[in-house]
Amino acid sequence: MAEGNGFDRHGFDFRKELPANERYNLIDQINRSCCSIPSNIAEGSGKNTDKHFAEFLSIAISSSFELETQLLICERRMYGSISKLKGCIDLVSEVQRMLFSFREYILKTEVQSLNS
């Protein structure tokens, strides 16, 4: 899930272009979402069961949708570079697909081990 850590780099580049009046609103929300995704993946990986890990992956997925919403708000308000914004949105979509797939794999593995 190295892509999850890419949010910080891409997000930082994009956030620098946002208006200063968004410092305590949209920028802080984007910062929290960018940190929440890889943090929940990391925290979940340390849990004792796949089911608990999957719960933290669900939280990471939720944070990715929060980040996507914040980026779409930036798009509607015409904040920042269109190319950087598109890169961020594309990265969010890619990570969402990866998280969904990984979560399904983890849950399937958990069910299979219970049935064995």
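Confidence in this predicted model, expressed as pLDDT (the predictor's confidence in each residue, from 0 to 100), averages 88 over the chain, and 85% of the residues score at least 70. Among the helices (DSSP runs of H or I with at least four residues, numbered from the N terminus), the mean is lowest in α1, at 65, and highest in α3, at 96. Where pLDDT is low, the predicted coordinates should not be read in detail. Because the model is predicted, local features were considered at pLDDT of at least 70 and side-chain atom pairs at pLDDT 80 or more, whereas totals for chains, interfaces and linings use all residues. Residues are numbered from 1 along each chain as its sequence is written, and side-chain values use heavy atoms, with hydrogens and water left out.

The packing of α2 and α3 was examined next. The axes of these two helices (lines fitted to C-alpha atoms over the stretch in contact, with angles from 0 to 180 degrees between N-to-C directions) come within 8 Å and cross at roughly 160°. The two helices are therefore roughly antiparallel to each other, a description applied to angles over 145 degrees. The crossing of α2 past α3 is left-handed, in that the near helix is turned anticlockwise from the far one by less than a right angle. Residues of α2 in contact (heavy atoms within 4.5 Å) with α3 include Leu26, Ile30, Cys34, Ile37 and Ile41, and the residues they meet in α3 include Phe53, Phe56, Leu57, Leu67 and Ile73.

Side chains of opposite charge can pair when their charged atoms come close. Five salt bridges (a side-chain nitrogen of Lys or Arg within 4 Å of a carboxyl oxygen of Asp or Glu) were found in a search of the whole structure. In one of them, Glu17 pairs with Lys84, with 2.9 Å between the closest N and O atoms. Glu17 lies in the loop between α1 (2-15) and α2 (26-45) and Lys84 in helix α4 (residues 82-115), so this pair ties together parts that are 67 residues apart in sequence.

A salt bridge also joins Arg77 and Glu22, at 2.7 Å from N to O. Because Arg77 lies in the loop between α3 (50-76) and α4, and Glu22 in the loop between α1 and α2, the pair ties together parts that are 55 residues apart in sequence. Glu22 is buried (under 20% relative accessible area, with exposed meaning over 50% and partly exposed in between, for a 1.4 Å probe and protein chains only), at 7%, whereas Arg77 is partly exposed at 43%.

Notes
Parallel < 35°, antiparallel > 145°, perpendicular 65-115°, else oblique.
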